[in-house]
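Work through the exercises below with the sequence and the coordinates open. Each task is followed by a solution in steps.

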Amino acid sequence: MEELLTLKNLLLKGDIVGSLAIVEELEEMSRDDKINNIISYSIILLIHLIKQQAENRTTRSWDISIRNSIRQIQRKNKRRKAGGYYLNSEELAEALEAAYPDAIDQASLEVEEGRYQPEELEKFVNKQKIINRALMLILEG
């Protein structure tokens, strides 16, 4: 990474202020990467919760995908050494909100074999109920 080389050079020059700016940038990049991973797994989680609600049924495959997505979100959100979490419950809810449009698009291809457009599918499901359920499942662990 170019940032690490820059950091090294700044430290060798004794530029603490410049070095701290690079460290903050690296921290922000790392956090953004974690959030992007959490959103990716949130999309998968939401797709299956949408399908469950729209079709009023579940499958073993959906249940396993839901569990796996929850585990991955929990793993990605946990800070290893510093302890705590990258995203608190409010920020997780915001991530789920951000993931929802992609999830409804994908779910529209799968619910009843792609019978509905995303806008039509949104009328059949309760977005807030799905997001609340997803958040509850993530926070239970």
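**Exercise 1.** Is E27 buried or exposed?

*Solution.* The model is a predicted one. E27 sits in helix α2, which covers residues 16-55. Step 2: apply the cut-off, under which a residue is exposed when its relative accessible area is over 50%. Step 3: compare. E27 has a relative accessible area of 52%, so E27 is exposed. Step 4: look at the surroundings. Together with E24, E25, E28, D32 and D33, E27 forms a negative surface patch.

**Exercise 2.** Find the patch of positive charge on the surface, and classify R75 by its accessibility.

*Solution.* Step 1: list the members. The positive patch gathers R60, R67, R71 and R75. Step 3: read its accessibility. R75 has 52% relative accessibility and therefore counts as exposed.

**Exercise 3.** Classify S65, and state how far its C-alpha atom is from that of N77.

*Solution.* Step 1: S65 is found in helix α3. Step 2: the limit for a buried residue is under 20% relative accessible area. S65 has 17%, so S65 is buried. Step 3: S65 and N77 are twelve residues apart along the chain, and their C-alpha atoms are separated by 18 Å.

**Exercise 4.** How many salt bridges does the model contain? Describe the one between K51 and E110.

*Solution.* Step 1: a pair is counted when a side-chain nitrogen of Lys or Arg is within 4 Å of a carboxyl oxygen of Asp or Glu. By this rule there are five salt bridges. Step 2: K51 and E110 form one of them, with an N to O distance of 2.5 Å. Step 3: locate the partners. K51 belongs to helix α2 and E110 to helix α4 (residues 89-110), so the pair ties together parts that are 59 residues apart in sequence. Step 4: classify each partner. K51 has a relative accessible area of 4% and is buried, whereas E110, at 32% relative accessibility, is partly exposed.

**Exercise 5.** Which parts of the chain does the salt bridge between K127 and E97 tie together?

*Solution.* Step 1: check the distance. The closest N and O atoms of K127 and E97 are 3.2 Å apart. Step 2: assign the elements. K127 lies in helix α6 (residues 127-140) and E97 in helix α4, so the bridge ties together parts that are 30 residues apart in sequence. Step 3: read the accessibilities. K127 is partly exposed at 34%, and E97 is partly exposed at 30%.

**Exercise 6.** Describe the salt bridge between R115 and E112, and classify both partners.

*Solution.* Step 1: the closest N and O atoms of R115 and E112 are 2.8 Å apart. Step 2: R115 has 58% relative accessibility and counts as exposed. Step 3: E112 has 36% relative accessibility and counts as partly exposed.

**Exercise 7.** Which element gives the most to the largest nonpolar core?

*Solution.* Step 1: size the core. The largest nonpolar core has 31 residues, and L45, L46, I50, Y100 and L121 have the most contacts inside it. Step 2: list the elements that give two or more residues, namely α2, α3 (60-77), α4 and α6. Step 3: α2 gives the most to this core, with nine residues.

Key
Residues are numbered from 1 along each chain as its sequence is written. This is a predicted model: local features need pLDDT of at least 70, side-chain atom pairs count only at pLDDT 80 or more; totals for chains, interfaces and linings use all residues. Side-chain values use heavy atoms; hydrogens and water are left out. Patches are made of residues with over 30% relative accessible area and no salt bridge: like charges are joined within 9 Å, nonpolar side chains (Val, Leu, Ile, Met, Phe, Trp, Tyr) within 5 Å. Accessible areas come from the Shrake-Rupley method with a 1.4 Å probe; for residues, only the protein chains shown count as cover. Lys and Arg count as positive and Asp and Glu as negative; His and the chain ends are not counted. The place of a charge is taken as NZ of Lys, CZ of Arg, CG of Asp or CD of Glu. Helices (H or I, at least four residues) and strands (E, at least two) are DSSP runs, numbered from the N terminus. Buried means under 20% relative accessible area, exposed over 50%, partly exposed in between (1.4 Å probe, protein chains only). A nonpolar core is a set of buried Ala, Val, Leu, Ile, Met, Phe, Trp, Tyr and Cys residues joined through side-chain atoms within 4.5 Å.
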